[in-house]
Amino acid sequence: MDKDFLTVVNKISEKLTARGLKLSVAESCTGGYISNAITDMPGASKFFELGVVSYTAEAKKRVLGVRPSFLKKHGIVSEETAVAMAGAVRKLGQSQVSLSITGVAGPEQLEGMEVGIVFVAASVRDVVESEGMRFTGDRETIKRKSALEALRYLNRVLDLWL
């Protein structure tokens, strides 16, 4: 595992394991990169409950239960959708903590959103924090940077709410 990912996943693991909390993740633009980084760590099952790749709008509706009218209003790449995904995956995984990410990895724009625009949300019980981010590079670089920064964001949120 990449040292940067290992460092942040270890921090998250320590915080969640010490409190007996479970994490569920909903990914879109990262295509499973976050879940892969987490499960690269031996013992991840102590804190990692569930990872869902809801890549299309249809998957966000069918798997996560995000309402079609919500996606029509806010788009599949929005801070609001990231928040909805975080709440839905936390419920789906019956976990206390969740992380979600949606964005545009490229090479083309999506819904008028520029390549590299990403929204993350982290939920600790009923509290949800969210943030927009922007990355540059090719598709793989954007996916990697997005996954790493989403995990770092979760770690910061855990520092605030645990």
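Helices (H or I, at least four residues) and strands (E, at least two) are DSSP runs, numbered from the N terminus. The model is predicted: local features need pLDDT of at least 70, side-chain atom pairs count only at pLDDT 80 or more, and totals for chains, interfaces and linings use all residues. Residues are numbered from 1 along each chain as its sequence is written, and side-chain values use heavy atoms, with hydrogens and water left out.

The description starts with the sheet. Five strands form an open sheet with mixed pairing. Their order is β2-β1-β3-β4-β5. Two strands are taken to pair if DSSP finds at least two bridges between them. The edges are formed by β2 (48-53) and β5 (127-134), each of which pairs on one side only. On average, neighbouring strands of this sheet are turned by 10 degrees against each other, direction ignored. Axes here are lines fitted to C-alpha atoms, for helices over the stretch in contact, and angles run from 0 to 180 degrees between N-to-C directions. Helix α5 (residues 79-92) packs on the sheet. Helix α5 touches β1, β2, β3, β4 (117-124) and β5, where contact means heavy atoms within 4.5 Å. The direction of α5 makes about 145 degrees with that of β3.

Strand β1 has two parallel partners. With β3 (residues 97-103), strand β1 (residues 23-27) pairs in the parallel sense over five bridges. Val25 stands opposite Leu99 in β3, and Ser24 has Ser98 of β3 as its bridge partner. Five bridges also join β1 to β2, and these strands run parallel. Here Glu27 stands opposite Val53 in β2. The chain passes from β1 to β2 through helix α2 (residues 33-39), and this β-α-β crossover is right-handed. The term applies if, with the strands pointing away from the viewer, the path from the first strand over the helix to the second runs clockwise.

Strand β1 is mostly covered, with five of its five residues buried. Buried means under 20% relative accessible area, exposed over 50%, and partly exposed in between (1.4 Å probe, protein chains only). Both faces of β1 are covered. Leu23, Val25 and Glu27 are buried on one side, Ser24 and Ala26 on the other.

Which residues surround Glu27? Glu27 lies in strand β1. Its contacts, not counting residues up to four places away in sequence, are Gly32, Tyr33, Ile34, Ser35, Val52, Val53, Ser54, Tyr55, Met85 and Ile101. Glu27 counts as buried because its relative accessibility is 0%. A polar atom of the Glu27 side chain lies 2.9 Å from the backbone nitrogen of Ile34. The side chains of Glu27 and Ser35 are joined by a polar contact of 2.9 Å. Such a contact is a pair of N or O atoms within 3.5 Å; within protein, one must be able to donate a hydrogen and the other to accept it, and residues adjacent in sequence count only if both atoms are side-chain atoms. Along the chain, Thr17 is ten residues from Glu27, and their C-alpha atoms are separated by 22 Å.

Ser35 lies in helix α2. Ser35 is buried because its relative accessible area is 14%. Not counting residues up to four places away in sequence, Ser35 touches Val25, Glu27, Phe48 and Gly51.

Rings of Phe, Tyr and Trp (its six-membered ring) pair if their centres lie within 6.5 Å; planes under 30 degrees apart count as stacked, over 60 as edge-to-face and the rest as tilted. The count comes to one aromatic pair. Phe5 and Tyr33 form this stacked pair, at 5.7 Å centre to centre and 25 degrees between the planes. The pair links distant parts of the chain, 28 residues apart: Phe5 is in helix α1 (residues 3-19) and Tyr33 in helix α2. Phe5 counts as buried at 3% relative accessibility, whereas Tyr33 is partly exposed at 22%.

The loops hold backbone exceptions. Most residues other than glycine have a negative phi, and most peptide bonds are trans. Gln94, in the loop between α5 and β3, has a positive phi of about 50 degrees although it is not a glycine. Gln94 is exposed, with a relative accessible area of 70%. Glu111 lies in the loop between β3 and β4. Phi of Glu111 is also positive, near 50 degrees. Glu111 is partly exposed, at 46% relative accessibility. Pro107 lies in the loop between β3 and β4. A cis peptide bond joins Gly106 and Pro107, with omega about 15 degrees.
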